[in-house]
Amino acid sequence: SSLGKMLSEEKCQVLLKSDLSFQTLLRNVLKYEYLEGHNHIPEQQFGLGYTNLMMIIADIITYMEKYPEDSFSGKSMLAQMIYAGKMLCYLDMVLPDLQDSIKIQYSAAQLKWAEDNEAQIWNHLTTTKMLFETDNLKIERYLTDGPFTNAYGVPAECPPRIAEWVGWQIFRQYVKSNPTKDKMSVFRETDAQKILSFSRYKPAS
């Protein structure tokens, strides 16, 4: 489901309380919290409230319907990783205060590793020409979930879906490189190579 792409089902719970009234319905009756490991993060930490959360989910569903994954020209890994990064950037826009680790479902340690080794991973993707790879069996090693990214030449400490994380950073740079454009017009771009070129993405080593 679309909601499942943002939060897995086991991390989403709706609780109903008594004393139902129209006034309390939107304010108190329905509550949500995020579960990360054994830590329950209440809605107040998100600063949203149930009504706003439902509006955000509706926006995400609408976006996914308008711009499906196959809307990108080509099936290269670059196209797939930037599509995944675009979805995460959409979460940046509608959930600006939500922690990056929750958006991408990394632990704090995994996120730090990705940030500290961004240049190393980018060098690996470019020197091995994986950006232009179209073999899904090879691509899936960089985009599927698991304890780590299981790809030749990638350190065992590398978190899963590392190409998704890199695609996120590329699209973030692309958004920053187009500050005068309407935000949604930026999201409508489907040429992955153009997005990479205009982003001027080059992580510092």
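Reader: Is Lys138 buried, exposed or in between, and which number says so?
Author: Lys138 is partly exposed, with a relative accessible area of 43%. Buried means under 20% relative accessible area, exposed over 50%, and partly exposed in between, using a 1.4 Å probe and protein chains only. This is a predicted model, where local features need pLDDT of at least 70, side-chain atom pairs count only at pLDDT 80 or more, and totals for chains, interfaces and linings use all residues. Residues are numbered from 1 along each chain as its sequence is written, and side-chain values use heavy atoms, leaving out hydrogens and water.
Reader: What does the side chain of Lys138 meet?
Author: Glu133, in a salt bridge with 4.0 Å from N to O. A salt bridge is a side-chain nitrogen of Lys or Arg within 4 Å of a carboxyl oxygen of Asp or Glu. Glu133 counts as buried, at 18% relative accessibility.
Reader: Why do such side chains pair?
Author: Side chains of opposite charge can pair when their charged atoms come close.
Reader: How many salt bridges are there in the whole structure?
Author: A search finds 9. One of them joins Asp92 and Arg172, with 2.9 Å between the closest N and O atoms. That pair links distant parts of the chain, 80 residues apart: Asp92 is in helix α5 (residues 77-94) and Arg172 in helix α10 (residues 162-176). Helices are DSSP runs of H or I with at least four residues, numbered from the N terminus.

Notes. Helix = DSSP H or I, 4+ residues; strand = E, 2+ residues; numbered from the N terminus.
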